[in-house]
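Open the structure in your viewer and keep the selection tool at hand. This tour moves from one selection to the next and says what is there.

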Amino acid sequence: MSSTIETHRLRLEPLDREIAALVPSERLVAQRKLGAVFHNAWPSDDLRDWLASVAAESPFRPYAIVERATNTVVGDVGFLGPPDAKGQVELGYSVVSDRQRRGYASEAAAAVVTWALEQVGVKAIIAECEATNTASIRTLERLGFQRGDERNGVIRWRHVPG
């Protein structure tokens with residue numbers, strides 16, 4: 001999954017090390033290299049801080065969610081790194097507030113989950129969301145994740161192939 005992934009309404013563009021490093025401080029350069037305009041609310045502060053630490057050129061990386069109709073980055077989806085010792089990868093995603101409730105998170109996450117489950121060494125996909133985030137709960141349920149334990153207001157989820 002190191003190249004662009006196309007879905008019905010979205011284009012998922014890989015955020016490689018070079019682009020990830022440019023996003024926080026060189027927005028215009030990063031937009032030009034990615035080939036899409038950044039929504040003014042993207043990236044979130046959490047993602048911006050994390051992008052600076054993206055070091056590995058692993059296929060298990062974050063991707064920009066580009067709304068094809070407007071060629072605008074409206075969110076991100078991907079994995080927090082390669083499979084761990086148990087063969088698990090952790091899924092993360094976000095969509096800017098004015099593009100939420102359009103099914104973009106589900107559409108983008110379904111594409112990367114399908115890809116990940118086809119990769120050698122991936123035995124499960126895990127995710128977390130706040131117990132109050134009903135939209136994310138619905139997204140993970142739709143994608144076939146099984147609800148796990150809840151601690152400190154955060155629910156753990158697991159998706160196993162088969």
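Predicted model: local features only at pLDDT ≥ 70, side-chain atom pairs only at ≥ 80, totals over all residues.

**Stop 1: the largest pocket**

Select Tyr93, Ser94, Val95, Asn133 and Ser136. Of the 37 residues that line the largest pocket, these lie nearest its centre. The space in this pocket comes to about 1100 Å³.

Next, colour the elements that give two or more residues to the lining: helix H3 (45–51), strand S5 (72–79), strand S6 (88–95), helix H4 (104–117), strand S7 (124–130) and helix H5 (134–142). By residue type, the lining of the largest pocket is made up of 16 nonpolar, 10 polar and 11 charged residues.

**Stop 2: salt bridges**

Side chains of opposite charge can pair when their charged atoms come close. How many salt bridges does the structure hold? There are 10 salt bridges, and three of them are visited here.

Select Arg68 and Glu6. They form a salt bridge in which the closest N and O atoms are 3.4 Å apart. Arg68 is in the loop between strand S4 (62–67) and S5, while Glu6 is in strand S1 (residues 5–6), so look for two distant parts of the chain, 62 residues apart, linked by this pair. Arg68 is partly exposed because its relative accessibility is 40%. Glu6 is partly exposed too, with a relative accessible area of 48%.

Now select Arg102 and Glu67, whose side chains meet in a salt bridge with an N to O distance of 3.5 Å. Arg102 sits in the loop between S6 and H4 and Glu67 in strand S4, so the pair ties together parts 35 residues apart in sequence.

Asp149 is partly exposed at 36% relative accessibility, whereas Arg151 is exposed, with a relative accessible area of 59%.

**Stop 3: aromatic rings**

The count of aromatic pairs in this structure is 4. Select Phe79 and Trp115, which form a tilted pair: the ring centres are 6.4 Å apart, with 35° between the planes. Phe79 belongs to strand S5 and Trp115 to helix H4, so this pair ties together parts 36 residues apart in sequence. Both residues are buried.

**Stop 4: helix H2**

Select helix H2 (residues 27–34) and show its side chains. Which residues of H2 are buried? Ala30, Gln31 and Leu34 are. These residues lie on the same side of H2 because they cover an arc of only 100° around the axis.

Methods: Residues numbered from 1 in each chain as written. Heavy atoms only, no water. 1 Å grid on protein atoms, 1.4 Å probe; cavity = no way out; pocket = protein on both sides within 12 Å on 5 of 7 lines; lining within 4 Å. Points joined across faces, edges and corners; volume = space filled by probe spheres on them. Helix = DSSP H or I, 4+ residues; strand = E, 2+ residues; numbered from the N terminus. Nonpolar A, V, L, I, M, F, W, Y, C, P; charged D, E, K, R; others polar. Salt bridge = Lys/Arg side-chain N within 4 Å of Asp/Glu carboxyl O. Buried < 20%, exposed > 50% of the residue type's maximum accessible area, 1.4 Å probe, protein only. Phe/Tyr/Trp six-rings, centres within 6.5 Å; stacked < 30°, edge-to-face > 60°. Arc of directions from axis to C-beta.
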